Amino acid sequence: MVKDRLRDDSAAESKGGVAVPKNMLFKCPRCAKVHFAEDFEKLGKVCTCGYHARLSAAERLRLVADNLSFSEYDRHMKSKNPIGFDGYEEKLQDLRAATGLRDAIVTGECEINGEPCIIGIMDSRFMMASMGSVVGEKVARAFEQATAKRLPVVLFTASGGARMQEGIISLMQMAKTSAAVKRHSDAGLLYITVLTDPTTGGVTASFASLGDIILAEPKVLVGFAGRRVIEGTIRQRLPDDFQSAEFLEQHGFVDAIVPRTELRRTLAKLLKYHRQTALPQPEGEGRS
């Protein structure tokens, strides 16, 4: 919150004899327009030039989910240090204190304009939303809950990829999450992916790419390996807009690019259509 950022007057900078609190203003990295941070947050962190700033999981929930409808899953789950990576536990503790999160994703059940669904939101403030054992487990459990309750899934992705501090354990989450998505799909249920900035690495190579409908915010970065790695491998110059949402839409990877201001309404329409056309539950399968 803006009030939280301004509470420490000692953090103010002096400009021409006037104390200016830090983080009171936001300068758009694309058009260089300056906004008051509080006004920018009220706009959903979207600049007038169309730039979409990154959102925390809590900010995303406020913009998308109906008020008081969210019920969180696996709130207290947190990572250990499976390969004994030096300094990893201390880093996790620092990030938990700084962000208020236990790990890089929040999952749960909510309604979007009255349409029930299970939602997952990755938060780039926590180790660039890298996918470790907890992220993979929470994604898999969310899909398992959705399959049992016969609910659609809406998953907002934002990640730097697999978490190197957990070694092969992090890579195993690609297969685990993909298997959970497949079981949900086999039950005739809807999965909507919303790609936000950035979505890369093992997340792109697993559950982020498996949505029945794949949406993206404008101009977001989506890819697996980085540009320099690919260019060095194929020894070719890539297009300037390579790995942008617009490039991927042109090539069929993304179904639609949806501005943040229209995202809630778009998701509600898709969920409503799915509810009206969802396959009936197979006989003999009970609800949980």
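**Cysteines and cavities**

Modeller: In this predicted model, the closest cysteine sulfur to that of C31 belongs to C47 and lies 3.6 Å away, which is too far for a bond.

Colleague: How many disulfides does the count come to?

Modeller: A disulfide requires two cysteine sulfur atoms within 2.5 Å, and the 3.6 Å between the sulfurs of C31 and C47 is too far for a bond. C117 is likewise in no disulfide, with the nearest cysteine sulfur, that of C110, 3.9 Å away. By this rule, the number of disulfides is zero.

Colleague: Is C117 buried or exposed?

Modeller: The cut-off for buried is under 20% relative accessible area, and C31, at 35% relative accessibility, therefore counts as partly exposed. For C117 the relative accessibility is 0%, so this residue counts as buried.

Colleague: Which residues are closest to the centre of the largest cavity?

Modeller: The count gives two cavities of 30 Å³ or more, and the largest has a volume of about 120 Å³. Its lining is made up of 16 residues, which divide into seven nonpolar, four polar and five charged. Those closest to the centre of the largest cavity are R54, L55, R60, T196 and D197.

Colleague: Which elements give two or more residues to the lining of the second largest cavity?

Modeller: The second largest cavity, with a volume of about 30 Å³, has a lining that includes I118, V139, F143 and L155. That lining divides into seven nonpolar residues, one polar and no charged. The elements that contribute two or more residues to the lining are strand 7, helix 5 (133-149) and strand 8.

Note on methods:
Residues numbered from 1 in each chain as written. Predicted model: local features only at pLDDT ≥ 70, side-chain atom pairs only at ≥ 80, totals over all residues. Heavy atoms only, no water. Buried < 20%, exposed > 50% of the residue type's maximum accessible area, 1.4 Å probe, protein only. 1 Å grid on protein atoms, 1.4 Å probe; cavity = no way out; pocket = protein on both sides within 12 Å on 5 of 7 lines; lining within 4 Å. Points joined across faces, edges and corners; volume = space filled by probe spheres on them. Nonpolar A, V, L, I, M, F, W, Y, C, P; charged D, E, K, R; others polar. Helix = DSSP H or I, 4+ residues; strand = E, 2+ residues; numbered from the N terminus.
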